[in-house]
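Here is a friendly walk through one model, with side-chain pairs, rings and a helix face as the stops along the way. Keep the viewer open as you read.

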Amino acid sequence: MRAANAGQRDTVILALSALGNVPEAVVRKIFHSRSAKPVTALVWHARLSMRVAFKIQNFVMKLTAGEMLPARAGVHFPMTEDEMRWHLRYFDVVM
């Protein structure tokens with residue numbers, strides 16, 4: 001979360017790659033999509049919190065308010081697990 005707060009894009013990408021066992025190139029591709037949903041799904045896959053996903057959207061990806069995907073009830077992932085799996089499969093992330 002500290003790396004996300006500091007906007008340390010490369011550190012966040014490497015951490016998500018390691019924690020999610022996802023190739024770095026795939027994580028970079030997800031970030032380059034500039035879409036909150038696949039990044040949020042990747043954070044979930046890495047077993048991190050929605051707070052981390054929101055910090056990444058805000059401080060690392062620098063998404064606008066209209067592009068951001070807020071937490072459900074303040075702390076929960078806003079998509080179902082099936083939706084998150086779909087977004088990960090789109091980028092060939094093996095679950």
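Arg 85 and Glu 81 sit four residues apart in helix 6, so about one helical turn separates them; helices here are DSSP runs of H or I with at least four residues, strands are runs of E with at least two, and both are numbered from the N terminus. The side chains of Arg 85 and Glu 81 meet in a salt bridge, at 3.3 Å from N to O. That term stands for a side-chain nitrogen of Lys or Arg within 4 Å of a carboxyl oxygen of Asp or Glu. Arg 85 is partly exposed at 27% relative accessibility, and Glu 81 is partly exposed at 44%. For these labels, buried means under 20% relative accessible area, exposed means over 50%, and partly exposed lies in between, with a 1.4 Å probe and protein chains only.

Before going further, a word on the model. It is a predicted one, in which local features need pLDDT of at least 70, side-chain atom pairs count only at pLDDT 80 or more, and totals for chains, interfaces and linings use all residues. Residues are numbered from 1 along each chain as its sequence is written, and side-chain values use heavy atoms, with hydrogens and water left out. The mean pLDDT, the predictor's confidence in each residue from 0 to 100, is 96 for the protein, and 100% of its residues reach 70 or more. Confidence is lowest in helix 1 (residues 2–5), at a mean of 92, and highest in helix 4 (residues 36–45), at 98.

**Salt bridges**

How many salt bridges are there by this rule? The count comes to five.

| Pair | N to O distance |
|---|---|
| Asp 10 and Arg 28 | 3.1 Å |
| Arg 34 and Glu 67 | 3.9 Å |
| Arg 85 and Glu 81 | 3.3 Å |

The salt bridge between Asp 10 and Arg 28 links distant parts of the chain: Asp 10 belongs to helix 2 (residues 9–20) and Arg 28 to helix 3 (residues 24–32), 18 residues apart. Both ends are partly exposed, Asp 10 with a relative accessible area of 45% and Arg 28 with 25%.

The salt bridge between Arg 34 and Glu 67 also links distant parts of the chain, 33 residues apart: Arg 34 lies in the loop between helix 3 and helix 4, and Glu 67 in the loop between helix 5 (50–60) and helix 6 (81–90). Arg 34 is partly exposed at 40%, and Glu 67 is partly exposed at 37%.

Elsewhere, salt bridges that share partners join Asp 10, Glu 24 and Arg 28 into one network.

**Aromatic rings**

The whole structure holds two aromatic pairs. Rings of Phe, Tyr and Trp (its six-membered ring) pair if their centres lie within 6.5 Å; planes under 30 degrees apart count as stacked, over 60 as edge-to-face, and the rest as tilted. Trp 86 and Tyr 90 are stacked, with 5.7 Å centre to centre and 25° between the planes. Being four residues apart in helix 6, these two are separated by about one helical turn. Trp 86 is partly exposed at 48%, while Tyr 90 is exposed at 58%. Tyr 90 also pairs edge-to-face with Phe 91, at 5.2 Å centre to centre and 75° between the planes. Phe 91 is buried, at 10% relative accessibility.

**The buried face of helix 5**

Which residues of helix 5 are buried? They are Met 50, Val 52, Ala 53, Ile 56, Gln 57 and Val 60. Because they cover an arc of only 160° around the axis, they lie on the same side of helix 5; the arc is that of the directions from the helix axis to the C-beta atoms. The cover over these buried residues includes helix 1, helix 2, helix 3 and helix 4, where contact means heavy atoms within 4.5 Å. After helix 5 comes Lys 62, whose phi is positive, near 55°.

**His 45**

Not counting residues up to four places away in sequence, His 45 touches Gly 20, Val 22, Leu 88, Val 93, Val 94 and Met 95.
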